[in-house]
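Please open the model in your viewer and follow the stops below, selecting residues as they come up.

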Amino acid sequence: MKLMLFAPELFLLLGSLVLFLLSTGKVGGKTARAVTLTLALGSVLVCFACLRQEGTLFFEAYRIDFFSQLIKLVIALGFAVVLLFSTELKGVDDEIRPEYYLFLTLSTLGLLMLVSSVELLTMFIALELSSYSLYLLVPMRDDRTGVRMQMESAIKYILFGVVATGVMLFGMSYLFGLTGTTYLVDLLPRLHQMMGSPAALIAIAMVLGGFFFKLAVFPFHSWVPDVYQGASNETTAFIASVPKVAAVAMLIRLTALATPEGQAIVTMLIILSVCSMFYGNLVALVQTDMKRMLGFSGIAHAGYVLLGLVTMQEVGYAASLYYIAGYLVMNLAAFLVICKVSEHGENLAVDDLSGLHKRAPLLALTLAVSMFAMAGIPPFVGFMGKFMLLTGAYKAGHLPLVILAAINTAISIYYYLSVVRVTYSASPEDRPAVLVGGVSKMVSVALVLVIIAMGLLPDQLLELATEAVRAIL
């Protein structure tokens with residue numbers, strides 16, 4: 001039954017309709033959260049049940065394969081984790097929480113649709129569904145936290161997003177003009193014959209730009225620091241992690257169009273990777289706000305992810321998938337701590353984490369593991385992910401790029417371990433103890449275990465990533 005191929009998306013679509021009806025009435029935030037959390041956990045089960053499905057829908061514009069289904073499962077897990085630890089939703093007023101959860105669900109729905117889109121217009125529509133829902137989440141932060149830049153952040157986010165979308169759409173028009181089709185399966189063989197054409201290279205680069213924006217690759221990063229700082233902590237947790245998984249998946253799909261002969265695309269990816277790593281890490285060194293630091297850190301991690309795409313090989317693509325999945329877990333662990341330590345939903349400075357090992361030992365451990373993993377210290381997933389990306393790039397003949405990436409890893413260790421130092425070495429002074437609920441404790445422990453397990457036992461995950469990549473190559 002072909003309808004079952006669309007089950008994860010249909011499940012969230014029906015759930016969004018329920019949330020829309022709730023938002024039209026006088027329903028409290030707790031009820032809306034309970035419904036959304038049920039939807040999120042249900043979507044994880046549905047995505048897992050549909051993991052091995054294959055087929056096409058909507059005149060072959062929508063492809064169901066192991067690649068898309070595996071990414072959908074990761075996105076659904078990220079969505080569920082964000083909801084599990086954002087129990088209080090401190091930075092959003094109770095009156096608009098039903099609408100907040102509605103747009104959060106719609107954004108997730110758009111991401112699920114995006115990773116199955118194999119036709120340019122379908123891809124564009126799915127991307128816009130996800131993006132505009134996020135644009136609306138940013139200004140929903142209330143003023144009680146003392147932060148008054150959410151409106152400015154939202155305006156910057158949507159303006160930069162519209163420009164990136166326009167560039168991508170212009171590139172799609174070029175691809176259609178060159179090949180006469182909007183289907184990726186037909187674009188591939190026709191582009192092979194014209195990869196030496198400047199128009200083809202420019203078209204692919206412009207389409208990739210839309211996803212570089214999602215991934216916050218330099219110079220498509222300008223929205224990151226202000227949006228991270230202006231949005232509520234829970235919103236930032238979602239923006240900083242879940243959409244990036246879908247962005248990497250689509251970059252892999254599109255980069256494969258360039259084929260190994262597309263040396264100009266490889267050169268572009270190398271330049272963007274180096275610029276992202278150096279810019280993100282160097283600016284993160286001087287940040288005092290935790291979310292801004294993680295924002296610039298995310299730009300650097302986007303540069304690391306591009307190391308896999310530079311190889312134009314199956315092993316590199318699989319390493320990128322593995323790394324972005326690990327980054328999702330590492331990032332969510334860090335934001336869980338931010339959301340719990342922040343008493344009223346305000347932004348946290350690094351100094352606000354002083355003495356956290358005495359105020360909330362489990363949160364301190366979670367943050368330390370997250371920072372160690374992001375820094376690339378063994379035995380955590382960040383080390384194994386970086387190792388595989390660097391190994392793949394080295395085998396593909398990019399030794400200078402590997403050296404520069406290793407230098408950046410060394411730079412990043414300073415500001416990540418500075419957070420750990422403040423957490424464990426500084427005195428808590430008069431800062432109160434942090435109360436952590438039972439669900440948040442379980443999520444915290446689970447994230448720590450996953451970060452360690454992914455680092456110690458990467459073989460099975462790499463096999464899954466490799467199998468997924470083979471499904472599209």
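A pocket is an open set of points on a 1 Å grid over the protein atoms alone, with protein on both sides within 12 Å along at least five of seven lines. Its volume is the space filled by probe spheres set on the points, which are joined across faces, edges and corners. This is a predicted model, where local features need pLDDT of at least 70 and side-chain atom pairs count only at pLDDT 80 or more, while totals for chains, interfaces and linings use all residues. Residues are numbered from 1 along each chain as its sequence is written, and side-chain values use heavy atoms, with hydrogens and water left out.

Begin with the largest pocket, of about 710 Å³. Select V74, L77, V329, V450 and M454, the closest to its centre of the 29 lining residues (those with an atom within 4 Å of a point). Next, colour α3 (66-85), which gives the most to this lining, nine residues. Helices are DSSP runs (H or I, at least four residues), numbered from the N terminus. The lining divides into 28 nonpolar residues, one polar and no charged; Ala, Val, Leu, Ile, Met, Phe, Trp, Tyr, Cys and Pro count as nonpolar, Asp, Glu, Lys and Arg as charged, and the others, Gly among them, as polar.

Now move to the cavities (sets of points where a 1.4 Å probe fits but cannot get out). Two have 30 Å³ or more. For the largest, about 40 Å³, select L127, E128, S131, Y135, G161, A164, T165, G210, F213 and K214. α5 supplies the largest share, four residues.

Finally, select L134, Y157, F213, K214, W223, I239 and P243 around the second largest cavity, of about 30 Å³.

Key. Helices (H or I, at least four residues) and strands (E, at least two) are DSSP runs, numbered from the N terminus.
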